[in-house]
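Open the model in your viewer and keep the selection tool at hand. The tour goes from charged pairs to rings, then to the core.

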Amino acid sequence: MGSDASKKSAISEQRQRLIIVISLASISLAFFMVISLLSPPPAANTSNLKGNGGSMSKSDSMVHNIKSANDNLNIKLATPAVVEKPIEVTDKKSEKEVATIRADLEAQVRAIKKTGVIMEADPKSLELTTALQSATRDLLKVRYGDYGTKNYRIKFDLEFQSTIPDFESKGKDGSLLIELAPISLIPCSVYNFLEIARTWKKGAFHRNAGHVLQAIARSDITQSMPFQEYNKEYPHKKGTIGYAGRPSGPEFYVSTQDNSQNHGPGSQQKHNPYEADCIIGTVIQGMEDGTVDRIHTMPGKEFLSDKKKWVLIRRMHILVPGDGPDGYVEFSSSPDVIPVD
């Protein structure tokens with residue numbers, strides 16, 4: 001029994017020594033692998049470095065690799081990436097250039113109008129008037145602003161004289177607010193009236209007819225319209241503003257009834273079934289509140305020779321879409337002057 005115990009003890013000691021040896025070997029292998037991973041890789045090219053025969057010591061190799069890494073980092077920081085911006089191609093013309101193009105087209109349209117040709121049925125005339133309308137839209141947007149589908153507006157400051165029947169109760173002040181027609185339909189008529197308003201000097205309602213209230217207009221615009229611009233989508237309904245006369249303007253009128261038959265196509269030119277009065281816009285404040293009806297009470301009918309009976313248009317204000325209380329702001333206003341002759 002004693003001999004067996006001795007043998008077992010010896011075998012146990014051998015196993016313990018083997019375990020210790022294996023453990024030490026494993027630790028050594030792990031340590032070697034860690035050192036290998038932590039050591040910097042050898043330089044790819046050392047022929048230009050100082051040392052014995054072009055070789056480097058381990059410390060020199062580490063310094064070289066750190067310097068190379070810093071150099072690479074500095075290069076990246078010194079040359080940031082350039083983000084290409086899209087090239088903006090701008091072909092916008094100045095207001096003067098657009099105005100010159102439009103003026104040339106207008107001269108051509110006026111020249112062909114003088115020939116007496118029925119412009120609404122003549123291909124050459126239609127080509128020129130379409131080109132003039134396009135150029136006029138361009139000038140409108142440059143001069144007065146591009147507001148998409150929103151329309152320009154004009155406010156009239158009125159002065160009723162003491163000859164008006166209700167002067168004692170309502171006083172002298174009144175106003176009309178006009179929304180001009182879409183420039184997609186009748187740009188030349190809209191442009192012409194904006195120019196009248198912008199350069200307004202004086203004017204008054206001086207004709208009290210059964211179907212219209214007609215006004216004289218004194219501004220820098222002294223010529224009539226270059227052609228009878230009309231669009232069937234914007235007829236002479238009650239409350240609309242149209243240019244008086246053939247050719248039209250610069251005098252204008254408010255329709256106090258539906259004047260589609262009186263001023264629409266073929267109404268005043270028997271030889272031309274297409275021609276109509278140019279139209280401008282619509283009264284949006286003044287019809288329902290009684291202002292237009294009040295103008296209609298001017299003493300007398302048709303053209304009034306007595307200027308004291310006229311309803312004066314003291315000022316005109318151009319309004320454009322903006323952040324005002326009603327969605328519009330003032331673009332310009334004419335001087336406040338007392339109209340004379």
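A salt bridge here is a side-chain nitrogen of Lys or Arg within 4 Å of a carboxyl oxygen of Asp or Glu. This is a predicted model, so local features need pLDDT of at least 70 and side-chain atom pairs count only at pLDDT 80 or more, while totals for chains, interfaces and linings use all residues. Residues are numbered from 1 along each chain as its sequence is written, and side-chain values use heavy atoms, with hydrogens and water left out.

**Charged pairs**

Start with Glu95, Arg143, Glu195 and Arg198. Salt bridges link these four in a network. Now zoom in on glutamate 195 and arginine 143. Their side chains meet at 3.0 Å, N to O. Helices are DSSP runs of H or I with at least four residues, strands are runs of E with at least two, and both are numbered from the N terminus. Are glutamate 195 and arginine 143 buried or exposed? Both are buried. Buried means under 20% relative accessible area, exposed means over 50%, and partly exposed is in between (1.4 Å probe, protein chains only).

Next, select aspartate 258 and lysine 237. They form a salt bridge, with the closest N and O atoms 3.4 Å apart. Aspartate 258 lies in the loop between strand S6 (252–255) and helix H7 (260–263), and lysine 237 in the loop between strand S4 (212–218) and strand S5 (240–243), so the pair joins parts 21 residues apart in sequence. Aspartate 258 is partly exposed at 41% relative accessibility. Lysine 237 is partly exposed too, at 42%.

Move to aspartate 336 and arginine 314. This salt bridge spans 2.9 Å, N to O. Aspartate 336 is in the segment after strand S10 (328–333) and arginine 314 in strand S9 (residues 311–321), so parts 22 residues apart in sequence are tied together. Arginine 314 is buried, at 15%. The whole structure has 18 salt bridges.

**Rings**

Rings of Phe, Tyr and Trp (its six-membered ring) pair if their centres lie within 6.5 Å; planes under 30 degrees apart are stacked, over 60 edge-to-face, and the rest tilted. How many aromatic pairs does the structure hold? There are 8. Select tyrosine 144 and phenylalanine 331. Their centres are 5.3 Å apart and their planes at 50°, so the pair is tilted. Tyrosine 144 is in helix H4 and phenylalanine 331 in strand S10, so the pair ties together parts 187 residues apart in sequence. Tyrosine 144 is buried, at 1%. Phenylalanine 331 is partly exposed, at 36%.

Now take phenylalanine 156 and phenylalanine 252. This pair is edge-to-face, with 5.9 Å between centres and 65° between planes. Phenylalanine 156 is in strand S1 (residues 153–160) and phenylalanine 252 in strand S6, so the link covers 96 residues in sequence.

**The core**

A nonpolar core is a set of buried Ala, Val, Leu, Ile, Met, Phe, Trp, Tyr and Cys residues joined through side-chain atoms within 4.5 Å. The largest has 62 residues, and Phe156, Phe193, Phe205 and Phe252 touch the most other members. H6 gives the most to this core, with 7 residues.
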